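My notes follow in the order I checked things.

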Amino acid sequence: MLHTKSIAASDFDNIRVCIAKTKELSEIILNGTPQNYESKWIGDDIVTWSNTICKVSGQKVKELIVNGKAIIYEKGTGGDSGDIENIRACITKAKNYAGVTLEDIPVEYDSNWISDDVVTWNEAQCSVSSQIVHDLIVKNTIVIYKKYSGIDAYKLNKKYLMNLNFP
């Protein structure tokens, strides 16, 4: 089922372009209905299927990730072109700090121009910007909090800084 607020005719054209480009470059045939379509007024639209993320604008595919591998990746195209690296940063932190292996393709990727991007899997949610994980929740447990390895580490550092006496 496609989760979106509304789809314009140009959005359907972008979906068709993603399907065609995926078939052309990876020989994988996607069904016509993506899991999610995030239409952006400014920047690239993001279309996701279970094994594919397609970043597209004006019927031109700018990023295409199929089965966790970047097929097309253009730096400097509208919005943040570091989506792939942000996803990888979240996957690495989940493995290193929680011992959980996340899929290469997230369930949802909310790319934000001003604030952190939010990457979501069934068992995890990650707030990330410029490959720096700010917050990570895995299986309902806070693993990284405000760039620290959990809430206790954050509180300890805050307490330490408050106790410093500067001349």
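I began with the bond between C18 and C54: with -80° about the S-S bond, this link is left-handed. C18 lies in helix α1 (residues 9-26) and C54 in strand β3 (residues 52-57), so the bond ties together parts that are 36 residues apart in sequence. The two sulfur atoms are 2.1 Å apart; I count a disulfide when a pair of cysteine sulfur atoms is within 2.5 Å.

I noted the ground rules next. The model is predicted, so local features need pLDDT of at least 70 and side-chain atom pairs count only at pLDDT 80 or more, while totals for chains, interfaces and linings use all residues. Residues are numbered from 1 along each chain as its sequence is written, and side-chain values use heavy atoms, with hydrogens and water left out.

Are C18 and C54 buried or exposed? I call a residue buried under 20% relative accessible area, exposed over 50% and partly exposed in between (1.4 Å probe, protein chains only). C18 has a relative accessible area of 0% and is buried; C54 is also at 0% and counts as buried.

With the bonded cysteines numbered in sequence order, I wrote the pairing as 1-2, 3-4.

I turned to the helices, taking helices (H or I, at least four residues) and strands (E, at least two) as DSSP runs numbered from the N terminus. The chain has three helices and 10 strands, in the order α-β-β-β-β-β-α-β-β-β-β-β-α.

Among the buried residues of α2 are D83, I84, C90 and A94. G99 follows α2 and has a positive phi, near 65°.

How many of the 13 residues of α3 are buried? I found one, so α3 lies largely in the open.

Last, I recorded that buried residues make up 38% of the 167 residues in the chain.
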